[in-house]
Amino acid sequence: MIDDARPVFVAVDIGASSGRVILGRVGTDGPRLQLVHRFSNGAVEVDGTLRWDVHSLFEQVLAGLTLASGALEPGERIASIGVDTWAVDYGLIDDDGALATLPYSHRDGRGETAVAAVHQRMDFDRLYSTTGVQFLPFNTLYQLASEASLEGVQALLIPDLLCFWLTGRRASEATNASTTGLTDARTGGWDPGILARLGIPAGLFPAQIEPGQTLGMLLPGISRQTGLPPNTAVVAVGSHDTASAVAAVPALAEGFAYISSGTWSLVGVELAQPVLSPASRTANFTNERGIDGTVRYLRNVGGLWLLQECLRSWTDAGDSPDLAALLAEAASLPAGGPLIDADSPEFIPPGNMPRRIRDAAHRAGGVASAGPAGVVRCILESLAAAYARTVRQAVDLSGTEVDVVHIVGGGSQNTLLCQLTADATGLPVVAGPVEATALGNVMVQARAAGLLGETASLADIRAAVARTADTTRYTPHGEGGVQDAVTEPARRRHLLPELRSP
């Protein structure tokens, strides 16, 4: 500590639809958060492509830091700042640090056109055996293959780009780097063989930095603009938002599965070593880095993007349904309706989502109940079935035991989704905290500042979160839970033995 002022930490947490700047205070009773700034986010259309307006995002970050500076209580100081966002997307900067163009959004679809060319240079079996990263057509390596040129530029993933603008230092945070499809799953480092085989310049991405390490201090201009002292540190956290969210799962023992439920759903288990088997590749599981070198063994599953897009479509059509009333009506509908494949690429881009969901339900041999509530019920039952299937696969492929499912993030507030998930898995669900990502962000900073003790572990972080976390427990109902979307017409009763098998 440089003085006797009480340290407070700032979490800059930006998702694909909104961003937050949050103050975190960490005491003996655990962490407490104070939201100081919220702003919207979303891909913007530029010349027929979908991009991220990162300049606007950075202005919102600065506005939030200014508000955070003014929200301190007497005797407090901001000790550090941590930034997390979504994964995969990046900006290209030149030698002077200027952004070449607005970064593309993963929902743009340009990566799909490069998949075949990438796999001609290096087949996916070989890629997976090295990187352990699941196939998604918008993965970073496919996006890079669609670039006209990568000469004379450096790539910074979105949170690394924001940190560069705050500090002037170029670095690649390890948890987010692991999502690119360009790192070795065993060592975590950039894989030179893959880079060379795909024609990617060796220095395209800067060297990696681990969560908890200091990136640098605020640039003088940023300090003056925000009112923060020039010795305010920017600390690397789990800059992939899921890495921060998983770090804040309030589990007090091993043997848990997690679902980070938001625009996307990330469903899996935490491991010490990656799983790179052919069966894991076939199941399309990913091995991403977590805090303290852990492995987040998971699959990307369709998320609440489906519901968000439906609400937007209904609003654009002149109907603005109340979400709480819509969820209550959906809960009153009978179980066992048609299920869609929530992971289908057809649901990735924006557009008339209700129509696409009804069409998908029809192709699956069913019809969603009439009205918006029927579409909502179809979405949530399909997500719960996908969650159950993915948890079961994670257990089978990794050989772990699971006794409870933790749902964190925005989806933890959706009581119908949480109950359907408990019914589908046959396991208790602990929902919350909602702001798990911000909590994980703050707690990594607090540990780096020494507030948790010199030998504090990831388990200590989770124990501290559990002391203040607002959670709700859901127990499975009897028979008649939602069907599994893949093993249909198998029912929930078939899932529990498989979940508990070695």
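1. A residue is called buried under 20% relative accessible area, exposed over 50%, and partly exposed in between. The structure discussed here is a predicted model. At 46% relative accessibility, Asp292 therefore counts as partly exposed. Asp292 is found in the loop between S15 and strand S16 (295-302), and its phi is positive, about 60°, although it is not a glycine.

2. With a relative accessible area of 8%, Val88 is buried.

3. A further backbone feature concerns a proline. The peptide bond from Gly432 to Pro433 is cis, its omega being near 5°. Pro433 belongs to the loop between strand S18 (429-431) and helix H16 (436-448). In general, most residues other than glycine have a negative phi, and most peptide bonds are trans.

4. Arg289, in strand S15 (residues 286-289), is buried yet has no salt bridge. Glu210, the nearest side chain of opposite charge, is 4.7 Å away. Beyond its neighbours within four places in sequence, Arg289 has contacts that include Ala174, Thr175, Ser178, Arg186, Ala243 and Arg296.

5. Helices H11 (residues 305-316) and H13 (residues 353-363) pack with their axes 7 Å apart, at an angle of about 125°. H11 is therefore oblique to H13. On the H11 side, Trp305, Leu306, Glu309, Cys310, Ser313 and Trp314 take part, meeting Met353, Pro354 and Ile357 of H13. The residues of this contact comprise seven nonpolar, one polar and one charged.

Technical notes. Residues numbered from 1 in each chain as written. Predicted model: local features only at pLDDT ≥ 70, side-chain atom pairs only at ≥ 80, totals over all residues. Heavy atoms only, no water. Helix = DSSP H or I, 4+ residues; strand = E, 2+ residues; numbered from the N terminus. Buried < 20%, exposed > 50% of the residue type's maximum accessible area, 1.4 Å probe, protein only. Lys, Arg positive; Asp, Glu negative; His and termini not counted. Salt bridge = Lys/Arg side-chain N within 4 Å of Asp/Glu carboxyl O. Contact = heavy atoms within 4.5 Å. Axes fitted to C-alpha atoms, helices over the stretch in contact; angles between N-to-C directions. Parallel < 35°, antiparallel > 145°, perpendicular 65-115°, else oblique. Nonpolar A, V, L, I, M, F, W, Y, C, P; charged D, E, K, R; others polar.
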